[in-house]
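Me: I would like to learn how to read a structure, one feature at a time. Can we start with pockets?

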Amino acid sequence: LECVAAILLFMIYIYVAIELLPDSSILIKSLVPINIYSKGAQIMKIIQDGHTGSMSFVPFLINVLGAIIRVGTTLGEATVDMNLLLSHASGGMLNSMLLCQFYIYGQATRNYWLEQEKKKKSD
């Protein structure tokens with residue numbers, strides 16, 4: 001059901017993007033729903049688990065910094081491509097949300113790894 005809903009929303013977004021947004025590559029227009037689906041799934045998984053598990057902080061920090069730079073570069077161009085700007089901004093916001101989860105669930109993650117160590121020692 002989740003997969004069907006994601007495909008349906010993706011198709012609606014692509015239709016709207018093709019009809020309403022200025023002419024641009026279909027690949028660039030498809031990045032926003034792909035970002036939302038992939039990062040949204042990670043965000044929801046962390047919320048459900050209550051910890052970040054084995055995810056590393058560094059790649060998300062690098063992704064956020066890269067997105068900020070890409071947004072700045074896009075805004076610095078003579079003609080701003082709104083599709084590209086929307087893609088970079090949405091990716092940056094979603095990665096920022098994931099980065100915030102490391103702070104929010106920091107203690108829970110430490111407790112999770114302590115429990116994993118205890119289980120490993122008891123086996």
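Me: Which classes of residue make up the lining of the largest pocket?

Reply: First, the general idea. On a 1 Å grid over the protein atoms alone, a pocket is an open set of points where a 1.4 Å probe fits, with protein on both sides within 12 Å along at least five of seven lines; lining residues have an atom within 4 Å of a point. Ala, Val, Leu, Ile, Met, Phe, Trp, Tyr, Cys and Pro count as nonpolar, Asp, Glu, Lys and Arg as charged, and the others, Gly among them, as polar. Here the lining has 11 nonpolar, 1 polar and 1 charged residues.

Me: What kind of model is this, and how are residues numbered?

Reply: The model is predicted: local features need pLDDT of at least 70, side-chain atom pairs count only at pLDDT 80 or more, and totals for chains, interfaces and linings use all residues. Residues are numbered from 1 along each chain as its sequence is written, and side-chain values use heavy atoms, with hydrogens and water left out.

Me: How much space lies in the largest pocket?

Reply: A volume is the space filled by probe spheres set on the grid points, which are joined across faces, edges and corners. For this pocket that is about 290 Å³. Of its 13 lining residues, Ala6, Leu9, Pro33, Ile36 and Tyr37 are the closest to the centre. Two elements give two or more residues to the lining: helix 1 (2-20) and helix 2. Helix 1 gives the most, with 7 residues.

Me: How many helices and strands does the protein have?

Reply: Both are DSSP runs, numbered from the N terminus: helices are H or I, at least four residues, and strands are E, at least two. This protein has 5 helices and 0 strands. From the N terminus on, the order is α-α-α-α-α.

Me: Is Ile36 buried, partly exposed or exposed?

Reply: Buried means under 20% relative accessible area, exposed over 50%, and partly exposed in between (1.4 Å probe, protein chains only). Ile36 is found in helix 2. Ile36 counts as partly exposed because its relative accessibility is 48%. Contact means heavy atoms within 4.5 Å. Leaving aside neighbours within four places in sequence, Ile36 is in contact with Ala41 and Leu94.

Me: Where does Ser87 lie, and which residues is Ser87 in contact with?

Reply: Ser87 lies in helix 4. Its relative accessibility is 5%, so Ser87 counts as buried. Beyond neighbours within four places in sequence, Ser87 is in contact with Ile28, Leu31, Val32 and Asn35.

Me: What about Ser30: buried or exposed?

Reply: Ser30 is buried, with a relative accessible area of 8%. Ser30 lies in helix 2. Not counting residues up to four places away in sequence, Ser30 touches Phe10 and Ile14.

Me: Which residues form the largest nonpolar core?

Reply: A nonpolar core is a set of buried Ala, Val, Leu, Ile, Met, Phe, Trp, Tyr and Cys residues joined through side-chain atoms within 4.5 Å. The largest one here has 9 residues: Ile43, Ile46, Phe60, Val64, Leu94, Leu98, Leu99, Phe102 and Tyr105. Helix 2 (26-49), helix 3 (57-76) and helix 4 (82-104) each give two or more residues to this core. Helix 4 gives the most, with 4 residues.

Me: What is the radius of gyration of the protein?

Reply: The radius is taken over C-alpha atoms, and the globule rule is 2.2 Å times the number of residues to the power 0.38. A compact globule of 123 residues would have a radius near 14 Å, but the protein has 18 Å.
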